[in-house]
Amino acid sequence: MSGIHDVICGSLDNRHIKETSNHHIKLDHGLPSCPFCPISTTRQSKHFRFIHNIKTMSFSNASTGDKAADPYKQANKDEPDVRTKVQDLGNFITSCKYGMMTTKSAGSGRLVSRCMALAATENNGVDLIFHTNTESGKTDDVAGDPDVNMSFLNAKGEWASVSGRASIMTDRDVVKKYYSPALKAWLGDLGDGVHDASENDPRIGIVRLDAETATYALSSKGQVMQAVEVAQSALRGKPAEVNSLRHVSQAEFKAWRAHQD
């Protein structure tokens with residue numbers, strides 16, 4: 001709601017339109033008061049109209065009639081059972097080990113990414129565990145906005161994008177469970193008897209990402225066969241069928257966790 005508040009209370013020029021995924025607000029010639037803020041705005045207004053409906057922003061630059069505008073996605077879409085989707089995703093993430101974690105910067109509000117090494121998984125691969133220095137910027141980011149994305153990519157071009165809610169865990173039993181002596185290479189021993197990069201070092205924490213949605217692409221073809229398929233598809237003017245493109249919904253993740261219990 002803060003974005004709506006900014007438009008209403010922070011900018012009152014002649015005409016403003018603000019669209020968000022939750023509301024569509026149209027302001028004409030200023031606004032007498034803000035419906036989301038207890039502080040009234042005293043500027044005069046001729047019109048104020050608030051349309052309380054669900055509206056999703058979208059973009060389109062073409063009309064293809066009854067033909068798929070994104071034929072690649074249609075040709076490669078794969079819908080196996082939930083068990084297969086979740087287990088294959090977990091196996092792929094584990095094999096990659098390294099991925100890019102994207103958060104919203106607590107300082108600037110911009111999206112920032114950094115490489116993270118997977119320490120472990122829970123619930124058979126759907127919840128991801130990473131080590132962190134609690135004094136690093138990423139912990140500030142997660143504390144301010146827990147919506148996080150992790151992306152993974154391998155040399156074959158297979159990839160995964162996992163979105164979910166992150167949390168910072170500092171419970172020493174949890175830290176000890178996932179502790180690795182290799183962390184000493186990253187945190188160092190400060191020589192004060194406390195910050196020694198051991199499992200008791202309070203700087204060592206855990207970032208846990210509970211997956212809510214995921215999209216990923218796997219391929220059973222080697223790089224040579226993929227290149228051949230792409231070349232042949234280009235000549236035919238048909239989308240290349242090189243990947244199994246899959247999506248795991250929030251409902252499917254929820255059902256999977258319930259099944260693990």
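A salt bridge is taken here as a side-chain nitrogen of Lys or Arg within 4 Å of a carboxyl oxygen of Asp or Glu. The model is a predicted one, and by this rule it holds eleven salt bridges. One of them joins Lys85 to Glu79, with 3.3 Å between the closest N and O atoms, and because residues under 20% relative accessible area are called buried, Lys85, at 1% relative accessibility, belongs to the buried ones.

A second salt bridge brings together the side chains of Arg208 and Glu122, at 2.0 Å from N to O. Arg208 sits in strand β9 (residues 204–218) and Glu122 in strand β5 (residues 111–122), so this pair ties together parts that are 86 residues apart in sequence. Arg208 is itself buried, with a relative accessible area of 16%, and both residues belong to a network of salt bridges that links Glu122, Asp127, Arg208, Asp210 and Arg257.

The next stretch to follow is a hairpin. Strand β7 (residues 147–153) runs antiparallel to strand β8 (residues 159–169), and seven bridges join the two; within this pairing, Ser151 has Ser161 in β8 as its bridge partner. Five residues lie between the strands of the hairpin, where Gly157 takes a positive phi near 90°.

Which residues of helix α8 (residues 250–260) are buried? They are Glu252, Phe253, Trp256 and Arg257, and seen down the axis of α8 the buried residues fall within an arc of 135°, so they line one face of the helix. The face turned away from this buried side carries the exposed residues Ala251, Lys254, Ala258 and His259. On the buried side, the residues of α8 pack against α3 (82–96), β6 (127–133), β9 and β10 (244–248). Arg257, one of the buried residues of α8, returns the reader to the charged side chains, as it is also a member of the salt-bridge network that includes Arg208 and Glu122.

Definitions and conventions. Residues are numbered from 1 along each chain as its sequence is written. This is a predicted model: local features need pLDDT of at least 70, side-chain atom pairs count only at pLDDT 80 or more; totals for chains, interfaces and linings use all residues. Side-chain values use heavy atoms; hydrogens and water are left out. Buried means under 20% relative accessible area, exposed over 50%, partly exposed in between (1.4 Å probe, protein chains only). Helices (H or I, at least four residues) and strands (E, at least two) are DSSP runs, numbered from the N terminus. Two strands pair if DSSP finds at least two bridges between them. The arc is that of the directions from the helix axis to the C-beta atoms. Contact means heavy atoms within 4.5 Å.
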